[in-house]
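Hi there,

Here is the structure I promised to pass on. Have a look at it first, and my notes follow below.

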Amino acid sequence: MAPRISRLRPLLDQIQRTQRRAASQAASEVSAIRPENGTVIFSGIQPTGIPHLGNYLGALQNWKRLQNEAEPGTKLLYSIVDLHAITLPQQAPMLRQWKREMLAALLAVGLDPERSSIFYQSSVPGHSELMWILSCTASMGYLSRMTQWKSKLHLADDVSALDEKAKASLKLGLFSYPVLQAADILVHRATHVPVGEDQRQHLEFARECATNFNHTFGAGSRLLVPPETILSPAKRIMSLQTPTSKMSKSDTDPRSRILLTDSADEIRKKIMAAKTDSAANAVSYDRTGRPGVSNLLELWASFDAAGRSPEALAAGMAEGKGSLKDLKVQVADVLVEEIPPIGERYRAFLERDGGRYLDEVEARGAAVAIANAAETMEIVKRAVGLSN
């Protein structure tokens with residue numbers, strides 16, 4: 001065997017030199033296709049129907065702010081991640097409806113298709129293509145420690161993928177979810193990704209994927225760009241009926257959440273029925289001891305024109321001897337001023353041009369995303385050896 005290897009050595013050396021030249025060329029092309037100031041912002045949201053107040057304050061409000069404050073030349077890409085949605089069983093007609101509803105909601109909260117590219121994840125083949133390539137260098141051990149698949153299957157955080165209970169219900173798509181999430185970001189060479197605190201682990205994994213790929217195929221060159229995190233300033237919005245749990249559309253009690261399409265009357269009824277406590281008919285901010293009251297104060301603070309904190313609002317209510325009912329009236333008034341106009345715009349976007357407007361917005365956004373991803377995939381394929 002040794003003589004045969006010796007005869008092949010010149011050929012192997014030539015292949016390695018070619019790969020290094022390709023990687024170097026690819027690395028120079030990465031910087032060449034950057035926007036002027038080098039900033040690319042990407043984020044995604046699952047199509048789970050009409051967003052609720054927690055979605056709005058946790059992500060969508062921040063997306064709008066980033067769009068409106070972005071420097072000239074910044075690329076903004078916002079994806080409705082329908083491939084992620086099918087990691088759990090979906091009904092096809094419902095998934096199609098939810099995608100359109102989410103698209104209309106993004107426009108209703110203020111995303112401008114002239115400034116931001118909004119598209120369905122499945123419209124851009126580069127997301128899935130890069131996911132496969134990244135999965136060939138992704139660590140099984142790292143993926144096993146991720147919490148996403150464990151929480152979806154209601155398993156303990158210390159469970160391994162080789163655990164018998166996990167193996168009985170865990171599907172490959174759900175397990176490899178973070179690889180696709182990393183591909184979503186890296187295929188667009190995103191420099192910044194706005195996320196909540198609970199998604200920080202996924203950004204770390206995306207950086208890990210970029211580092212592994214660059215080390216394996218780029219000799220350390222920045223073929224793929226490790227993204228930076230933009231943490232959302234908003235706190236988690238809790239259920240109105242179970243204030244120790246996060247607001248969710250999966251909650252069986254519709255009074256637990258405020259949808260962006262709720263009317264003024266619906267909002268008032270839900271806020272007035274919100275669980276507080278029987279400790280005292282007075283207002284104070286104590287996230288641990290009084291979660292219901294504190295949740296209402298945080299909602300109020302999220303929309304307060306003066307920018308007051310929950311603690312400051314509580315102090316003002318206490319000084320005026322305001323009751324819990326007074327607090328609820330204040331919160332309802334603030335939300336009624338903000339939310340119903342979003343619902344009106346949402347319905348208008350769904351109906352505009354008989355629904356064709358939404359198709360046009362998505363098609364334009366997808367065209368930008370496809371072109372952007374194709375540039376990255378050309379570099380990746382050349383570095384890996386899948387193209388010349």
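How much space lies in the largest pocket? The answer is about 1,800 Å³. A pocket here is an open set of points on a 1 Å grid over the protein atoms alone, where a 1.4 Å probe fits and protein lies on both sides within 12 Å along at least five of seven lines. Its volume is the space filled by probe spheres set on the points, which are joined across faces, edges and corners.

Before you go further, please note that this is a predicted model, with local features needing pLDDT of at least 70 and side-chain atom pairs counted only at pLDDT 80 or more, while totals for chains, interfaces and linings use all residues. Residues are numbered from 1 along each chain as its sequence is written, and side-chain values use heavy atoms, without hydrogens and water.

Back to the pocket. Its lining (residues with an atom within 4 Å of a point) has 50 residues, and the closest to the centre are Asn55, Lys152, Asp198, Gln199 and Lys246. By class, the lining has 20 nonpolar, 22 polar and eight charged residues. Ala, Val, Leu, Ile, Met, Phe, Trp, Tyr, Cys and Pro count as nonpolar, Asp, Glu, Lys and Arg as charged, and the others, Gly among them, as polar. Helix H2 gives the most to this lining, with five residues. Helices (H or I, at least four residues) and strands (E, at least two) are DSSP runs numbered from the N terminus.

H2 also packs on helix H13 (residues 291-303), at an angle of about 45° and with the axes 12 Å apart. Axes are lines fitted to C-alpha atoms, for helices over the stretch in contact, and angles run from 0 to 180 degrees between N-to-C directions. In contact (heavy atoms within 4.5 Å) are Leu53, Tyr56, Leu57 and Gln61 of H2 with Leu299, Ser302 and Phe303 of H13. This contact has five nonpolar, two polar and no charged residues.

Helix H5 has two partners worth a look. With H10, the angle is about 120° and the axes are 8 Å apart. On the H5 side, His127, Leu130, Met131, Leu134 and Ser135 take part. With H16 (residues 356-384), the axes come within 9 Å and cross at roughly 25°, so H5 and H16 are roughly parallel (angles under 35 degrees). Leu130 of H5 is among the residues in this contact too, which has eight nonpolar, one polar and two charged residues.

Best wishes

Definitions and conventions. Angles under 35 degrees count as roughly parallel, over 145 as roughly antiparallel, 65 to 115 as roughly perpendicular and the rest as oblique.
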